[in-house]
Amino acid sequence: MTYNLYFGPIHPALKEPINFTFEIEGERIVNVKPNIGYNHRGLEKLLESKTWLQSGFVAEHICGICSGAHNGCCYQGVERIFGIEPPRRGLFIRTLVWELERIHSHLLWLGVMLHESGFDTVFMYCWRDRELTMDLFEEMSGRRVVYSMNTVGGVRRDVTVSFLDKLKKYCNYLEERAKFYEDLIMGDTTILARLQGVAPLPKSDAASLSAVGPVARASGVKRDVRYEEPYAVYDESPFRIILREEGDALARTIVRIEEIKVSIDILRWIADNIPQGDYKIKFPPITKAPENEAISRIEAPRGELFYYFKSDGGTTPSRVKVRTPTFANILPVVKMLEGQYIADIPIAVASIDPCIACCERVTLIDRKTEKTTIVTMDQLRSHSKKYYKKAGGEKF
Amino acid sequence: MKIWGRAYKEAVKRLTEKPYTIHYPFVDVKAFKGYRGRISLQINKCIGCGLCSRVCPANAIEMVPDERVKPAGKRPHFKLPECCYCALCAEYCPKEAIELTTDYHLYGFKKEDVVAEVKSE
Amino acid sequence: MNDEIIKELILSIDSSARFERDKNGRFWIKIYLENLKAVLRCLKEKGYDYISAITALDNIKNNSIELLYHLMNNSPREFPYLTISITISRDDPKVYTVHDILPAALIHESEVFDLMGVKFEGNPLTERLLLPGDVPENVHPLKKEFKDSVFKVIKE
């Protein structure tokens, strides 16, 4: 006899709204049905009415944590449509922004994961270390969260020598802290009891369900865009791929901490080897593109980010398709939760690093008839609350 | 036993340090140079070409009539609640009349109270 | 890269396939609708078992909808990244599902149905994934004719 348990979209264990329906027998989960769409803003349709230069500024508002990844991937795709190559110094600065963002995203995730396990002190420690990264971003780009450093043909601002010295000092500090966190997690019996053996994903399932990012690498599948088709300056940098075999929540934690160490090595290499020269190419703000289609893929902190552009020869794109890594990881979550206890649900959902705001950015909400293109969250939120109350959470 | 040793060492170390939090409204925190905050327009440099309103991704700039600008007779009006602070208007202004300052205290009781600064020297 | 092996494999199933390789290293293949499952099964034996996304393009001029399947191999440094494209009619868009060959296509096909209106026969998820449940039946926002009218529909 199975019961239905409704989880979300408003729940203290979740950071963003998502709805799950669990069928349970006793304490074990038998079946899971996810239901997304509470954060839907219609950005794929909005991008069809913005020019090529403005498209990056809309794309970076898809997600707050990985906004540098969306910005860079969008402009990399636009450069492939036009057929232009940014200069070397611009590529180095772009890679610097991507790697620093990976560090800040993994530190945020580590804090949230330990907070779900009940360890609030280390949550505060991790977010304190992350504040130093935000100070570096503010000095380099002007804002703390949505940095918009890229443009078509390079980057918008230069970095100074004093900034690179501060970056190297921060790398030395962070290396000790990463070692401290790893010793803490592997040496504490309570954390190990909550993470080891929880929500396992075997290797065959991870390969066939197309898992991406650290979720796939923790199950032994060698999948990383920086290894498969190197872009920007990754083929010359000291990048190495991290793999683990077990596939449970502890393996995903260790993979992310090791990736912080790899990012520190890459940042040190960039600070020592950055060449002199130009950092961008002149590009007119409103221009027509040749008829072409292009694909751009990068490794965001959560997995593979995929952009597809199609141009019909106008000043705006004719179709943009965005596939974010959390969207591709929904089916592995459904698979890894079967047979687990109810108390493990927050740990399992948090271990894939969900960025639900990234998941739903497809099509139109061109709302008011005065053609303002700013989409406000208030009416969407009240609509979703009203819908949830009416439907009682039951959808499938 | 090693775990107890580490916990005690950590507790003693943090007892003797200052806390990390800053009591913000009583202590003012200055932003870094180059921060993208409130928009400020120098009206004697503006020529009224309208490039800033064409390039804005959020459609937050509209041209309003103003007789201080010659010969076009109009100047940009910035709707700050809709702005995304990307600084494209400052980058593409041909006379460098727009600047984003380090003022981040953008508050008010109504949306119309948050305005851009217009300087005339 | 082993382009020739892939070309011969596909030509043996569908003799009218057209190939194109662009400057960035992508490999684009156009085939007919009937040969889709055979081609995907054959490519899966060669190692193509990872699907990135399914894109739907709306062509008002030719009155057709084009579907693109983006695939990658297990050993990506030897085999190229493929894009397979098929064309279906716009008035009654229907195609069969491929989730028995590639299980991850389940959620991508559900998104394409929600936003472009293409029906996938055999896909068990029949309800709307992203839009709320009270949007009327034939409202599919990514089609080119929808500009301002959608939110008025939702408000009623």
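A: Begin with burial in chain A: of its 396 residues, 50% are buried. Keep in mind that this is a predicted model.

Q: How many helices and strands does chain A have?
A: Chain A has 16 helices and eight strands. Among contacts in chain A with a separation of 6 or more, 71% join residues 24 or more positions apart.

Q: Is A:Leu100 buried or exposed?
A: To decide, count the C-beta atoms around the residue; 20 or more others within 10 Å makes it buried. A:Leu100 has 22 other C-beta atoms within 10 Å, so it is buried. This residue is found in helix H4 (residues 88–117) of chain A.

Q: Which residues does A:Leu100 touch, not counting those up to four places away in sequence?
A: With those set aside, A:Leu100 touches A:Thr133, A:Leu136 and A:Leu267. Distance along the chain and distance in space are read separately. A:Leu100 and A:Leu195, for instance, lie 95 residues apart in sequence, and their C-alpha atoms are 27 Å apart in space.

Q: Which pair of chains has the most contacts?
A: Two pairs of chains touch, and the pair with the most contacts is chains A and C. Chains B and C do not touch, and their nearest C-alpha atoms are 17 Å apart.

Q: How many residues of chain A are in contact with chain B?
A: An interface can be read by counting residues on each side, then asking which elements supply them. Here 17 residues of chain A are in contact with 16 residues of chain B. On the chain A side, helix H2 (55–59) and helix H5 (120–141) are the elements that give two or more residues. H5(A) gives the most, with three residues. By class, this side of chain A has five nonpolar, six polar and six charged residues.

Q: What is the order of elements in chain C?
A: From the N terminus, the order is α-β-β-α-β-β-β-β-α-β-α. The C-alpha trace of chain C spans about 55 × 30 × 30 Å along its principal axes. Of the 156 residues in chain C, 33% are buried. Residues 24 or more positions apart make up 54% of the chain C contacts that have a separation of 6 or more.

Q: At what angle do the axes of helix H1 and helix H2 of chain C cross?
A: Two packed helices are described by the angle between their axes and by the distance between those axes. In chain C, the axes of H1 (residues 3–13) and H2 (residues 36–46) come within 10 Å and cross at roughly 150°. H1(C) is therefore roughly antiparallel to H2(C), since angles over 145 degrees count as such. The crossing of H1(C) past H2(C) is right-handed.

Q: Which residues of H1(C) and H2(C) meet?
A: From H1(C) come C:Leu9, C:Ile10 and C:Ile13; they meet C:Ala38, C:Val39, C:Cys42 and C:Lys46 of H2(C). This contact has six nonpolar residues, no polar residues and one charged residue.

Q: Which residues of H2(C) are buried?
A: The buried residues of H2(C) are C:Val39, C:Leu40 and C:Leu43. They lie on the same side of H2(C), because they cover an arc of only 95° around the axis. Their packing partners are H1, strand S4 (64–72) and strand S5 (82–89) of chain C.

Terms used
Residues are numbered from 1 along each chain as its sequence is written. Chains are lettered from A and ligands numbered from 1 in the order in which they are written. This is a predicted model: local features need pLDDT of at least 70, side-chain atom pairs count only at pLDDT 80 or more; totals for chains, interfaces and linings use all residues. Axes are lines fitted to C-alpha atoms, for helices over the stretch in contact, and angles run from 0 to 180 degrees between N-to-C directions. Helices (H or I, at least four residues) and strands (E, at least two) are DSSP runs, numbered from the N terminus. Angles under 35 degrees count as roughly parallel, over 145 as roughly antiparallel, 65 to 115 as roughly perpendicular and the rest as oblique. A crossing is left-handed if the near helix is turned anticlockwise from the far one by less than a right angle, and right-handed if clockwise. Two residues are in contact if their C-beta atoms, placed from the backbone, lie within 7 Å. Ala, Val, Leu, Ile, Met, Phe, Trp, Tyr, Cys and Pro count as nonpolar, Asp, Glu, Lys and Arg as charged, and the others, Gly among them, as polar. A residue is buried if 20 or more other C-beta atoms lie within 10 Å of its own, exposed if 12 or fewer, and partly exposed in between; C-beta atoms are placed from the backbone. The arc is that of the directions from the helix axis to the C-beta atoms.
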